[in-house]
There are 2 protein chains.
Amino acid sequence: MAIADAITALKAALGDKISTSPSDTALHGQSESHFAPMNPDAVAYPISTADVAKIVRICADHHCPVIGFGVGTSLEGQTSAKRGGVTVDFRDMAALVETAEADMFARVQPGITREGLNTELRHSGLMFPVDPGANATLGGMASTRASGTTAVRYGTMRDNVLGLEIVTADGTIMRTGTQARKSAAGYDLTGLFVGAEGTLGLITELTLRLHGQPEATAAAVCAFDDMEAAVAAVTATIQCGVPMARIEFVDGATALAFNAFADAKMPEKPHLLVEFHGSETAVKEQSETFGDIVSEYGGADFQWTLQAEDRNRLWAMRHNAYYAILASRPGARALVTDLCVPMSKLAAAVEETRADIAASPIPGPILGHVGDGNFHAILLMDPDSAAEKEAAMALSARMVERALSMGGTVTGEHGVGLGKLEYMEAEHGAAWGMMGQIKRALDPHNIMNPGKLVRLN
Amino acid sequence: MAIADAITALKAALGDKISTSPSDTALHGQSESHFAPMNPDAVAYPISTADVAKIVRICADHHCPVIGFGVGTSLEGQTSAKRGGVTVDFRDMAALVETAEADMFARVQPGITREGLNTELRHSGLMFPVDPGANATLGGMASTRASGTTAVRYGTMRDNVLGLEIVTADGTIMRTGTQARKSAAGYDLTGLFVGAEGTLGLITELTLRLHGQPEATAAAVCAFDDMEAAVAAVTATIQCGVPMARIEFVDGATALAFNAFADAKMPEKPHLLVEFHGSETAVKEQSETFGDIVSEYGGADFQWTLQAEDRNRLWAMRHNAYYAILASRPGARALVTDLCVPMSKLAAAVEETRADIAASPIPGPILGHVGDGNFHAILLMDPDSAAEKEAAMALSARMVERALSMGGTVTGEHGVGLGKLEYMEAEHGAAWGMMGQIKRALDPHNIMNPGKLVRLN
């Protein structure tokens with residue numbers, strides 16, 4: 001049996017860095033998503049790139065699946081061990097290796113989390129801004145091409161990874177990119193591995209672009225009578241060139257969930273939550289310009305603040321939105337959708353989705369990173385009700401079709417995993433075939449996270 | 001004979017869109033670079049994606065090389081027909097297909113130039129900021145991953161192409177990316193084709209990210225006693241988070257060339273040329289902050305202006321730097337180098353390069369996009385002197401070694417082509433092998449721009 005042989009060889013080579021305990025394998029077969037558990041046969045805890053290379057070489061010899069694992073916050077089943085095999089947990093490779101302050105980059109191991117990294121950077125004057133909400137690992141964030149609340153200003157993981165160290169499918173250790181800020185030297189392999197969800201190799205080190213901590217930060221909240229007005233205000237703000245650091249939309253249902261979960265005292269209306277980064281003069285000017293724009297679109301209760309305390313409360317609330325919404329229906333399990341459409345289609349996409357959810361038997365508050373045209377409905381279903389699960393899946397499928405018909409994408413930031421696999425051909429056409437060609441060329445035995453992102457044969 | 005058979009078939013299928021006239025083939029075998037001419041056997045002038053697909057299918061049937069061509073401004077021999085074949089000139093595919101103002105993107109055919117595009121966008125309030133100096137085509141700029149003076153603010157072509165239409169090596173028409181501003185749906189094929197120099201397929205349409213024309217623009221010039229002080233001022237400015245739109249370095253020799261070519265009246269000293277984009281308040285504040293920083297580093301004659309006329313004169317001069325420097329040694333031919341290093345290594349890289357050139361028999365003014373750590377020496381050699389050519393090649397090779405030893409790249413923005421091919425293994429190691437694997441998988445008969453960027457076998 002290929003997998004059993006691989007595990008025997010792994011234990012011989014790596015000793016107690018390999019676990020087959022049922023609690024370990026069960027823990028690594030689940031995630032925060034709605035997928036049924038799919039457990040690996042073993043979990044490896046490497047402490048070095050050399051360990052990872054050894055693990056992958058042994059698995060390659062036995063054609064045994066290898067799945068990367070950070071902290072398990074992915075939402076599309078990326079870490080499920082669909083065909084069993086060995087999950088590589090980067091728990092013990094979580095160091096900040098180097099902070100190059102003058103060059104504004106950091107080298108990190110894949111298991112460090114974004115909060116862990118920013119805590120270590122605290123006194124450097126620098127920060128790593130990509131913020132998907134969850135305190136995910138950098139290896140996982142790169143693998144799913146994560147983004148989140150600050151992408152409108154600082155870009156996604158695609159824009160903030162300068163280079164990688166990779167263990168390829170045959171166990172070779174390889175470096176992509178350089179420490180320079182740009183390069184035109186050949187195919188962009190860094191970009192190929194960011195978003196590849198571990199299907200082409202495992203990331204063992206990342207060189208990350210850092211940004212200066214802003215001199216001043218202002219945050220603001222504003223309520224609108226309807227979602228169209230809120231979205232129109234966002235579009236107008238972007239077109240005016242106001243450089244927002246964050247611009248988040250939450251609907252009335254989400255505002256109610258915030259009130260219950262965090263005593264937010266928000267009216268049951270759509271809101272925009274924004275943040276500005278820059279010099280004190282600049283953020284004041286930006287806040288005032290934004291205030292003028294929202295008042296044109298009927299925005300009410302506009303308040304902005306330079307106080308760190310108010311700001312932190314605002315974003316803690318936003319980061320806990322998922323939990324606040326889950327708590328709004330005790331016992332429910334969530335299916336989190338993840339569309340991204342061109343800005344001109346955003347109001348229609350949100351409104352059609354809202355009406356569709358309203359006509360269904362389940363609740364589904366909507367919120368999103370509207371500066372990017374990206375939004376999520378958090379569909380809340382009773383895990384014991386087949387009818388509710390079916391309703392959620394049908395809503396999700398219609399949202400995907402809606403995004404594609406509007407020129408958008410089936411996933412703005414959560415990735416493909418298992419959950420979006422069936423839509424890849426509809427989104428990409430012939431380009432999905434090319435993804436399969438690349439996968440076959442770089443992982444001919446299909447051992448790297450098999451069953452995700454691409455289909456072979 | 002495979003190529004002759006392909007041309008016969010192409011003429012039968014496409015009639016007078018195929019030229020074998022000696023003047024046409026000679027024109028397409030040259031470029032602005034120092035490489036000896038390598039002419040194609042025929043030149044195709046497609047007017048549609050369907051034409052391009054037909055051309056590539058016929059060439060694939062006969063294993064005939066296919067080389068894409070814009071306006072021939074590439075600097076590393078990317079358009080040389082190293083193995084003969086058919087050059088596809090996109091002269092007749094140069095339309096702005098769509099401007100989506102609310103969504104801030106444009107769809108263009110590959111043959112439109114950046115100045116042509118910005119002229120068409122003039123009244124939209126939007127612009128395409130990537131500016132490599134030459135009035136290159138967008139297809140060429142994407143293929144070489146061009147950047148230039150504005151990359152410090154707006155990024156390179158990597159950051160500003162949202163999607164592509166590609167004709168693959170077997171003649172399939174394929175789309176990558178969507179019209180949404182981000183996506184996490186699978187391998188980043190857009191990023192793979194940007195910078196691939198036509199070795200994986202031909203770009204037949206681009207979806208480009210547009211940016212708002214800034215409300216106000218300020219430009220400034222400042223002289224320094226030495227290059228180290230200028231570079232230190234740049235680093236300090238970036239670390240203070242001042243959002244510069246352009247920050248260019250020119251050395252004393254370049255300043256003299258400007259004086260002769262454009263009556264610039266600059267002292268023979270290193271200079272920084274900068275530009276700020278934003279609201280009027282913001283650019284004033286940024287200019288003043290920059291003025292404070294440069295005065296700390298001994299900057300002299302600091303002047304800033306909001307006048308479009310002064311600004312245009314400044315950047316016209318910078319854009320003509322190549323010609324100004326060429327004119328400083330009548331009859332000379334130029335070898336333009338293109339290093340990019342981490343910012344902390346920039347002063348040492350420039351100074352070592354300057355000293356190396358000073359000890360050589362040829363002149364080589366230095367200038368660069370110092371906000372990115374990218375600089376060029378324009379090595380001026382007598383085309384009839386083997387000794388001078390050898391000196392230039394040796395200087396260039398030492399610059400490349402210097403960049404690699406400093407953690408940088410052998411090409412910041414000009415690409416690989418023929419000129420940097422021999423350094424790819426030194427820069428990438430095992431990753432260059434992976435580039436070859438991708439090339440073999442996507443172009444198994446090696447017909448797309450063969451002999452560039454990767455080596456097969």
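Trainee: How many helices and strands does chain A have?

Mentor: Chain A of this predicted model has 17 helices and 19 strands, where helices (H or I, at least four residues) and strands (E, at least two) are DSSP runs numbered from the N terminus. Residues are numbered from 1 along each chain as its sequence is written, chains are lettered from A and ligands numbered from 1 in the order in which they are written. Local features need pLDDT of at least 70 and side-chain atom pairs count only at pLDDT 80 or more, while totals for chains, interfaces and linings use all residues.

Trainee: What makes chain A as compact as a globular protein of its length?

Mentor: The radius of gyration, taken over C-alpha atoms, is set against the globule rule, which is 2.2 Å times the number of residues to the power 0.38. For the 457 residues of chain A that rule gives 23 Å, and the radius of gyration is 22 Å, which is close, so chain A is as compact as a globular protein of that length. Along the principal axes, the C-alpha atoms of chain A fill a box of roughly 65 × 55 × 40 Å.

Trainee: Why is A:Ala151 called buried?

Mentor: A residue is buried if 20 or more other C-beta atoms, placed from the backbone, lie within 10 Å of its own, exposed if 12 or fewer, and partly exposed in between. A:Ala151, which lies in helix H6 (residues 151–154) of chain A, has 27 C-beta neighbours inside 10 Å and therefore counts as buried. Of the 457 residues of chain A, 59% count as buried.

Trainee: Which residues is A:Ala151 in contact with, leaving aside its neighbours within four places in sequence?

Mentor: Two residues are in contact if their C-beta atoms, placed from the backbone, lie within 7 Å, and on that basis A:Ala151 is in contact with A:Thr156, A:His369, A:Asp372 and B:Lys182.

Trainee: What is the phi of A:Glu197, and is this residue buried or exposed?

Mentor: Phi of A:Glu197 is near 55°, a positive value in a residue other than glycine. A:Glu197 lies in the loop between helix H8 (189–193) and strand S10 (201–209) of chain A, and with 28 C-beta neighbours inside 10 Å it counts as buried.

Trainee: How do you know how H11(A) and H11(B) run relative to each other?

Mentor: Axes are lines fitted to C-alpha atoms, for helices over the stretch in contact, and angles run from 0 to 180 degrees between N-to-C directions. Angles under 35 degrees count as roughly parallel, over 145 as roughly antiparallel, 65 to 115 as roughly perpendicular and the rest as oblique. Helix H11 (residues 280–296) of chain A packs against helix H11 (residues 280–296) of chain B at about 175°, with the axes 10 Å apart, and the two helices are therefore roughly antiparallel. In this pairing, A:Thr281, A:Ala282 and A:Glu285 meet B:Thr281, B:Ala282 and B:Glu285.

Trainee: Why is the relation between the chains called that of a two-fold axis?

Mentor: Two copies of a chain are related by a rotation about an axis and a shift along it. Here the copies are superposed by least squares on the C-alpha atoms of residues with pLDDT of at least 70 in both, and a rotation of 180° with 0.0 Å of shift along its axis superposes chain B on chain A, with an RMSD of 0.0 Å. That is the relation of a two-fold axis.

Trainee: How do you know that the copies meet through the same surface?

Mentor: Because 100% of the interface residues of chain B are also interface residues in chain A, the copies meet through the same surface. The contact takes 73 residues from chain B and 74 residues from chain A, and H17(B) gives the largest share of the side of chain B that touches chain A, eight residues.
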